[in-house]
Amino acid sequence: MGARQSQTHDHTAVFAFTNAHPGMVSNGKCLFNPSIGDAHNILVRKSDWCYCIGTPHPQPNRWHDPYNPTHFNYLTQGTLWYQNGDVRRWISNSEDARLFSLRGEWWAIYGMGVGGRHRLVIHNISRMGSRPIVLHYEHYQQFEKNWSPFVHDDTLMLLYSIHPTVVLECDHHTGVCTKRYFTTDTHMSIPSTAHYLRGGSQLVRVGEYYLGVCHTCQDGSANYRHAFYLCDAYPPFSLARLSPWFILPAKNNQQNGYRPDIQFVSGIYVDDIWCYVSYGISDCSYNIVKVKLSSVLTACHQRRTRIRI
């Protein structure tokens, strides 16, 4: 591939984002990193601590383990499931959940503390009284977070890496994940720096592709940039297209610790006209924006040059 390219970002694509829901912080509690599933369902992370309220973290780097009664809940945090504007369920001790539908039921994939370690779990939240199922993968790293779920032929698949493309098949009964597909094939010219592409949202089916939002951090900092990407909707689910980089709308708030450039996309939903993107800002607030689906697909297909990261 030659020498590594400079750490620059292309901002030539100007997406006409329109606010679909205001960001919010309610009653001193921080609500952020939402995952939209459809027009009626959304998950929103809630915590009694976040950067923008300016209070010290009560117990940094401590995880609550719900399976170990000797552990204590140092931080009241979890996820609210809103359905048609009403709270349907509280999912305790969950971090950065992504919402997806599997066989007619709503599921979430999120991080939590298990046995003193951070682990990814899946959870059938449609069934009251259900418990999270810990994911098991032979190459599981110490801290995993950005696995992107999608459903293919009624089977839960997890995009472990965007490029090279690594796709896991997950047994949703046991949590056992098996690597099914690995490929470096793509319809684009991809430089070696493409491993900086990190997952964000779940993937949704759009015609002959799966559509998602990924991110990268400029120069290894927390300066987030995003891109829409398309993967083939058939095995091995190769990376097909990537849009130019963009930044999502965020208020330049002057609250303590607030940084509008720290953005985490955790949800995407499409209808016949619009693409909705849900994201958190600086672990303080959240927002949902919409953009014409046709403009997203056009931007992805028109970009045929190297990705500059």
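Throughout these legends, a residue is called buried when its relative accessible area is under 20%, exposed when that area is over 50%, and partly exposed in between, as computed with a 1.4 Å probe on protein chains only. The views show a predicted model, in which local features need pLDDT of at least 70 and side-chain atom pairs count only at pLDDT 80 or more, whereas totals for chains, interfaces and linings use all residues. Residues are numbered from 1 along each chain as its sequence is written, and side-chain values use heavy atoms, with hydrogens and water left out.

**View 1. Tyr 269 and Tyr 276 form a stacked aromatic pair.**
Rings of Phe, Tyr and Trp (for Trp, its six-membered ring) are paired if their centres lie within 6.5 Å, and the pair is called stacked when the planes are under 30 degrees apart, edge-to-face when they are over 60 degrees apart, and tilted otherwise. By this rule the model holds ten aromatic pairs. In the pair shown here, the ring centres of Tyr 269 and Tyr 276 are 5.6 Å apart and the planes make an angle of 25°. Tyr 269 counts as buried because its relative accessibility is 18%, and Tyr 276 counts as buried at 16%.

**View 2. Tyr 137, Tyr 140, Trp 147 and Tyr 160 make up one aromatic cluster.**
Helices (H or I, at least four residues) and strands (E, at least two) are DSSP runs numbered from the N terminus. Tyr 137 lies in the loop between strand 10 (133-134) and strand 11 (148-152), while Tyr 160 lies in strand 12 (residues 155-161), so the pair ties together parts that are 23 residues apart in sequence. Tyr 137 is buried, with a relative accessible area of 9%, whereas Tyr 160, at 23%, counts as partly exposed.

**View 3. Four strands form an open antiparallel sheet in the order 15-16-17-18.**
Strands of a sheet pair through backbone hydrogen bonds, either parallel or antiparallel; here two strands are taken as paired if DSSP finds at least two bridges between them. Strand 15 and strand 18 (239-242) stand at the edges with a single partner strand each, so one side of each has no neighbour in the sheet. From one strand to the next, the twist averages 40°. Helix 1 packs on the sheet and touches strand 15, strand 16, strand 17 and strand 18, its direction making about 85° with that of strand 17; for such angles, axes are lines fitted to C-alpha atoms, for helices over the stretch in contact, and angles run from 0 to 180 degrees between N-to-C directions.

**View 4. Strand 16 is shown with its partners, strand 15 and strand 17.**
Strand 15 and strand 16 pair in the antiparallel sense over three bridges and form a hairpin with two residues between them, where Gly 207 in the turn has a positive phi of about 60°. Val 206 has Tyr 209 of strand 16 as its bridge partner, and Val 204 stands opposite Leu 211. Strand 16 and strand 17 run antiparallel and are joined by nine bridges, with Tyr 210 opposite Cys 231. Nine of the nine residues of strand 16 are buried, so this strand is largely enclosed by the rest of the structure. Tyr 209, Leu 211, Val 213, His 215 and Cys 217 lie on one side, and Tyr 210, Gly 212, Cys 214 and Thr 216 on the other.

**View 5. The largest nonpolar core has 25 residues.**
A nonpolar core is a set of buried Ala, Val, Leu, Ile, Met, Phe, Trp, Tyr and Cys residues joined through side-chain atoms within 4.5 Å. The residues with the most contacts inside this core are Leu 211, Phe 228, Leu 248, Cys 275 and Val 277. The elements that give two or more residues to the core include strand 16 (209-217), strand 17 (224-232) and helix 1 (293-302), while strand 20 contributes the largest share, four residues. Contact means heavy atoms within 4.5 Å. Leaving aside neighbours within four places in sequence, Val 277 is in contact with Phe 228, Leu 248, Val 265, Gly 267, Asn 287, Ile 288 and Val 289.

**View 6. Thr 165 lies in strand 13 (residues 165-170).**
Thr 165 counts as buried because its relative accessibility is 0%. A polar atom of the Thr 165 side chain lies 2.8 Å from the backbone oxygen of Ile 162. Not counting residues up to four places away in sequence, Thr 165 touches Leu 159, Tyr 181, Phe 182, Thr 183, Pro 236, Phe 237, Ser 238 and Leu 239.

Conventions
Polar contact = N/O pair within 3.5 Å; in protein donor to acceptor, adjacent residues only side chain to side chain.
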